[in-house]
Amino acid sequence: MTELHEALRDNVRMLGDCLGQTIENQLGSGMLQKIETIRGLAKLGRNSGSGEQSELLTALAALSDDEVLPIARAFTQFLNLANIAEEYHRVRTQQHVCNIQSNDSFVQQLKLLRGEGHDADAIMQALCCLRIDLVLTAHPTEVNRRTLIRKYNAITDALRNLEQKPSQRERIDELISQIWHTNEIRDQRPTPIDEAKWGFAVIENSLWQALPRYLRQIDQQCRSILGRPLPLDCSPVHFSSWMGGDRDGNPFVTHQVTREVLMLSRWVAADLYLRDVEQLRLELSMFACSDELRARVGDVSEPYRHLLNGLRSRLKDTKGRIENALQNRTDDCPEGLITLEELREPLLLCHRSMVACGMQTIAGGGLEDCIRRTACFGVTLVRLDIRQNAERHAEVLDALWNYYEEGSYLALEEGEKQRFLLHELQRKRPLLPVDWAPPDEVREVLETCRVVAESDPGALGSYVISMAAQPSDVLAVILLLHESGVRHNMRIVPLFETLADLDNAERCLRDLFAMPWYRDYIDDHQEVMIGYSDSSKDAGQMAAVWGQYKTQEQLTRVCREAGVHLTLFHGRGGTVGRGGGPTHTAIQAQPPGSVNHTLRVTEQGEVIRFKFGIPEIAVRNLELYTGAVLAATLHPYPAPQQDWREQMESMAQQGFQAYRAVVRHEERFVPFFRACTPEQELGKLPLGSRPAKRRADGGVESLRAIPWVFAWTQIRLMLPAWLGSDSALQSAVEDATSLERLRTMYRHWPFFRTYIDMLEMVLSKTDPDIAAYYEQRLVDPEIRPLGEMLRARLRSMTGLVLQIKQVDTLLQDTPFIRQSLDVRNPYIDPLHYLQAELLHRDRNFPDDRLEKALMVTMAGISAGMQNTG
């Protein structure tokens, strides 16, 4: 492993040298020397132990407005190149230890389950029943442009080939030069269609290759340990998407966009399968075939090619029909598209014939890969979820009541709403008037429902209701879909986001299950989404995670008592403040019984690229999901002890009060937040199609969780991840009995261990000295004491985590992460200080050059921290 770490350092150094040469060629040796001087001063300040950066600050302050942009670009691109080197290092490490199975690997999970007495048939049956749905979302956290991501991926490929082909060094030089001459920041925000295409590109460039490799490995491991193969039609993992379907707070996602994305998804799937079939036609030139295949194709010399010719024609026809519909901008979904059965049947026939003729080796190659892809991607590539806010559905019904002069739907009590909705759902006459001309926002909701009605049910996932709180929120969506012509029972998923809604979720489900009509509709399967981001922003991290845990316990119990299968949909982000964390530990930390064969989870923004952007890493993450969900299903961790629960309840309450005391009740907080962080400037950064705020005139409470976390990350205070937890843990550790209890909880309760480990990780990325500089440069003197108080609390938080874990330094058990941060800091530090200087200049003397440099620093800090929001 030491050799691998040395190789990583060599690659980082080599990429840095290439970047330096490019800068020197473009801007001259004087600029390169200035960059090196700044980097050296940053490193000197870090190594001094005192955090003294006066020389660095003097050098940065001396930069002219024309110099700040190339300086910011240089440090930003180095950090992106360091990320590439680390990604490749992860691939190399995985290959190096492929014969040494880690505790979280799928093989180890199988062995542990067998060792615990689980029968091989039972394990295989559970594996075949797994449904892990990874939902790709377009939350605006991917700061890198798609064109740059392609170049970064090309550098990774060149590093992979460098040992065998030294000439790849020239290719790396070329790519880095291309990157330097490409704008880091988009000129315009991406459209929802652009975001969907980005998601499709991740599948095309990585997951399309990774999926069959992953299933092949699962198959081999099942044969080795269980003595049974993985059936060809079994794929534990599937993919869905919110890109083009999530309209909550995004006025740019219209029903036309949703219709177009649905067609594009079918087109990309047909195109990828067509490439597979073309390759199979080249390879399957054999003449021997089964009687079954011979009866199908007749007396031809190349039966497999002959059969695949027909499949190729159907795929080409499907692509053509979709292209015509897209070009003509028709409102109707094209008919006559290839079905899943039409796609799979000839492939399976070829497979059966080859096996029957003794050509198992050939059948197990590209043909099996294509068949396994159909089990995961179907003919739609992904299933598109629809998401809309509960208020928008209520507004439609209120407009209807006004049209019929029945009064106000919104004024009804909850029980009255439920009675009305159930009554209408069981009536045969239509509710929507033919000649009704509703307001545009109401019409848009109804048009979206009509797109759902026109679409193939297999192309759709769930209809997610943001800010759901009551049973009427669920019934309203079912009624609107029914009135729009939807004839299949689409999954309707309440999303409980705030702490109050989480607390109310159990009662909401009990009330729904008490309705016979609703029980018939769901057919004993209920999906519920748990919101991590907004609950954390609403109540603080400790209160939120405990509230989420208790809600999952309650929902699991309610569904078990009602005989309903529960699928929990986790709306997790990439950061700790938004529910992020390592896959296997997050699943282990769920309440016992809550992961029962099925799991849905969002994969957001830069996390998609980090976990699935390179095939080798994607395979590893797919295996992690599979092993963790299988283990949580068959052998969940025991429920926490009662005294642990009481300890968490006490700390959550205290954490909630401490968090709200600052965020909601401290009058200096909002001015401090607005002045000290780049929150207001963030709106200028064209990250995604969705506005940063739900309401243009809203304050901090209307700010989305992503920019909320982004803003605090930029100044290295990371406040959303720890504020409130510090007060709760401080009170607990002051009592010797409670401190020992916390240490026991850390050792034996995955939920609490995961929480503390995530706190440790985020604390390792904080820097009170950098936050202090932002305050000094940007905040009015009369409110700076608030910043001093927050930084003092941050420092005490670090000590509390060390005390509970009984270690001397943060990340003591994960030195690689610590080393990674140490390598990055000399490049991130100048960006922080430069950003604070640019914020000061831009707020006082606005200039387009400063604004662009400011946006580059935001992107660079995000790259260095390896997360945004």
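Helix α5 crosses helix α6 in a right-handed sense. (Right-handed means the near helix is turned clockwise from the far one by less than a right angle, left-handed anticlockwise.) This is a predicted model, where local features need pLDDT of at least 70 and side-chain atom pairs count only at pLDDT 80 or more, while totals for chains, interfaces and linings use all residues. Residues are numbered from 1 along each chain as its sequence is written, and side-chain values use heavy atoms, without hydrogens and water.

Start with that pair of helices. Helix α5 covers residues 106-115 and helix α6 covers residues 120-129. (Helices are DSSP runs of H or I, at least four residues; strands are runs of E, at least two; both are numbered from the N terminus.) The two helices pack at an angle of about 135°, and their axes are 10 Å apart. (Axes are lines fitted to C-alpha atoms, for helices over the stretch in contact; angles run from 0 to 180 degrees between N-to-C directions.) So α5 and α6 are oblique to each other. (Under 35 degrees is roughly parallel, over 145 roughly antiparallel, 65 to 115 roughly perpendicular, and the rest oblique.)

Which residues of α5 and α6 meet? From α5 come Phe 106, Leu 110, Leu 113 and Arg 114. From α6 come Ala 120, Ile 123 and Leu 127. (Contact means heavy atoms within 4.5 Å.) By class, this contact of α5 with α6 holds six nonpolar residues, no polar ones and one charged. (Ala, Val, Leu, Ile, Met, Phe, Trp, Tyr, Cys and Pro count as nonpolar; Asp, Glu, Lys and Arg as charged; the others, Gly among them, as polar.)

Move on to helix α10, residues 255-283. Helix α10 packs with α14 at an angle of about 160°, with axes 10 Å apart. That angle makes α10 roughly antiparallel to α14. The crossing of α10 past α14 is left-handed. On the α10 side, Tyr 273, Asp 276 and Leu 280 take part. On the α14 side, they meet Gly 366, Leu 367, Cys 370, Arg 373, Thr 374 and Phe 377. The contact of α10 with α14 has five nonpolar, two polar and two charged residues.

Now follow the chain out of α14. Leu 381 sits in the loop between α14 (360-377) and β3 (383-389). Its phi is near 70°, a positive value in a residue other than glycine. Is Leu 381 buried or exposed? Leu 381 counts as buried because its relative accessibility is 1%. (Buried is under 20% relative accessible area, exposed over 50%, partly exposed in between; 1.4 Å probe, protein chains only.)

His 597 also has a positive phi, about 75°, although it is not a glycine. His 597 lies in the loop between α23 (583-588) and β8 (598-604). At 22% relative accessibility, His 597 is therefore partly exposed.

Val 297 belongs to helix α11, residues 291-297. Val 297 is buried, at 11% relative accessibility. Beyond residues up to four places away in sequence, Val 297 touches Pro 303, His 306 and Leu 307. Glu 616 is 319 residues from Val 297 along the chain, and their C-alpha atoms are 39 Å apart.

Gln 418 is part of helix α16, residues 414-425. With a relative accessible area of 14%, Gln 418 is buried. Setting aside neighbours within four places in sequence, Gln 418 contacts Pro 471, Ser 472, Leu 475 and Met 515.

Glu 679 is buried, with a relative accessible area of 7%.
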